[in-house]
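Hello,

Here is the structure I promised to pass on to you.

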Amino acid sequence: MKILVLHGANLNMLGRREPEIYGSYSLDQINEYLAQDALTWGADLTFCQSNHEGILIDAIHAAFQVQHGILINPAAFTHTSVAIRDAIAAVNIPTVEVHLSNVYKREEFRHHSFIAPVAIGQISGFGVDSYRLGLRALVNHLQAIGK
Ligand code: DQA
């Protein structure tokens, strides 16, 4: 099964960026964890990080009829992007939303997600484990629907 892993704005700075909130893992280390898990679970991952909304939208469009699932941390675009939400709806690919921090414990502007209504589910607050749990849940879902 093929899964696109998308990371939004500023996540290239992980490890150096507000480590008390986002932890000390770099994006490469997170991707490495996911790649290891994917090997065990029989998933084939493609990774993409961008600070540009349009590039993420292009990556979602390119996934149409190519990828079986999307694991996305939309980062700040979570709270702003109708366009990313619409792209996910357009390709109709099962999507899991993840956040390193517990966005519901933070500023109110982080409490709303434009992505959640088009996702199967959301995992928030477990650091790198949010990604790992999200990938596990997505793999289970895809297996359940015969992918
Ligand atoms: C984040 C939470 C967002 O509110 C924030 O803008 C991010 C990262 C997280 O993983 O906790 O950049 O998505």
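**What I found**

Let me start out in a loop: Phe 109 sits between β4 and β5 (121-124). Please keep in mind as you read that this is a predicted model.

With 10 other C-beta atoms within 10 Å, Lys 105 is exposed. From Lys 105 to Gly 121 there are 16 residues in sequence and 18 Å in space, C-alpha to C-alpha.

**The whole protein**

Now step back and look at the overall fold. The protein has 5 helices and 5 strands. Starting at the N terminus, the order of the elements is β-α-α-β-α-β-α-β-β-α. The C-alpha trace spans about 40 × 30 × 25 Å along its principal axes.

What radius of gyration would a compact globule with 147 residues have? The value would be near 15 Å, and the protein has 14 Å, which agrees. Of the 147 residues, 35% count as buried. Among contacts with a separation of 6 or more, 74% come from residues 24 or more positions apart.

In soluble globular proteins, nonpolar side chains tend to be buried together. Here, the largest nonpolar core has 34 residues, and Leu 4, Leu 6, Ile 60, Ile 70 and Leu 71 touch the most other members. Which elements supply at least two residues each to this core? They are β1 (2-7), α2 (27-41), α3 (53-62), β3 (69-73), α4 (82-91), β4 (95-99) and α5 (128-144).

Setting aside neighbours within four places in sequence, Leu 4 is in contact with Thr 46, Cys 48, Ala 59, Ala 63, Gln 67 and Ile 70.

**Three helices to look at**

In α3, the buried residues are Leu 56, Ala 59 and Ile 60. Seen down the axis of α3, these buried residues fall within an arc of 100°, so they line one face of the helix. Gly 54 and His 61 are exposed on the other side of α3. As for partners, the buried residues of α3 pack against β1, β2 (44-49), β3 and α4.

In α4, the buried residues are Ile 84, Arg 85, Ala 87 and Ile 88. They fall within an arc of 160° when you look down the axis of α4, so they too line one face of their helix. The buried residues of α4 pack against α3, β3 and β4.

In α2, have a look at Gln 36. Gln 36 is exposed, with 11 other C-beta atoms within 10 Å. The C-alpha atoms of Gln 36 and Ser 81 are separated by 31 Å, and the two residues are 45 apart along the chain.

**Two backbone angles**

Most residues other than glycine have a negative phi. Against that background, Gln 65 is worth a look: this residue has a positive phi of about 60° although it is not a glycine. Where is Gln 65 found? Gln 65 is in the loop between α3 and β3, and it is exposed, with 9 other C-beta atoms within 10 Å.

Asn 92 has a positive phi too, about 55°, although it is not a glycine. Asn 92 counts as exposed, with 10 C-beta neighbours inside 10 Å.

**Around the ligand**

Finally, please look at the ligand. Which residues are around the ligand? They are Asn 10, Asn 73, Ala 75, Ala 76, Thr 78, His 99, Leu 100, Ser 101, Val 103 and Arg 110. By class, this shell has 4 nonpolar, 5 polar and 1 charged residues.

Enjoy exploring, and send me any questions you have.

Best wishes

Terms used:
Residues numbered from 1 in each chain as written. Predicted model: local features only at pLDDT ≥ 70, side-chain atom pairs only at ≥ 80, totals over all residues. Core = buried A, V, L, I, M, F, W, Y, C linked by C-beta atoms within 7 Å. Buried ≥ 20, exposed ≤ 12 C-beta atoms within 10 Å, placed from the backbone. Helix = DSSP H or I, 4+ residues; strand = E, 2+ residues; numbered from the N terminus. Contact = placed C-beta atoms within 7 Å. Near = placed C-beta within 6 Å. Nonpolar A, V, L, I, M, F, W, Y, C, P; charged D, E, K, R; others polar. Rg over C-alpha atoms; globule rule 2.2 N^0.38 Å. Arc of directions from axis to C-beta.
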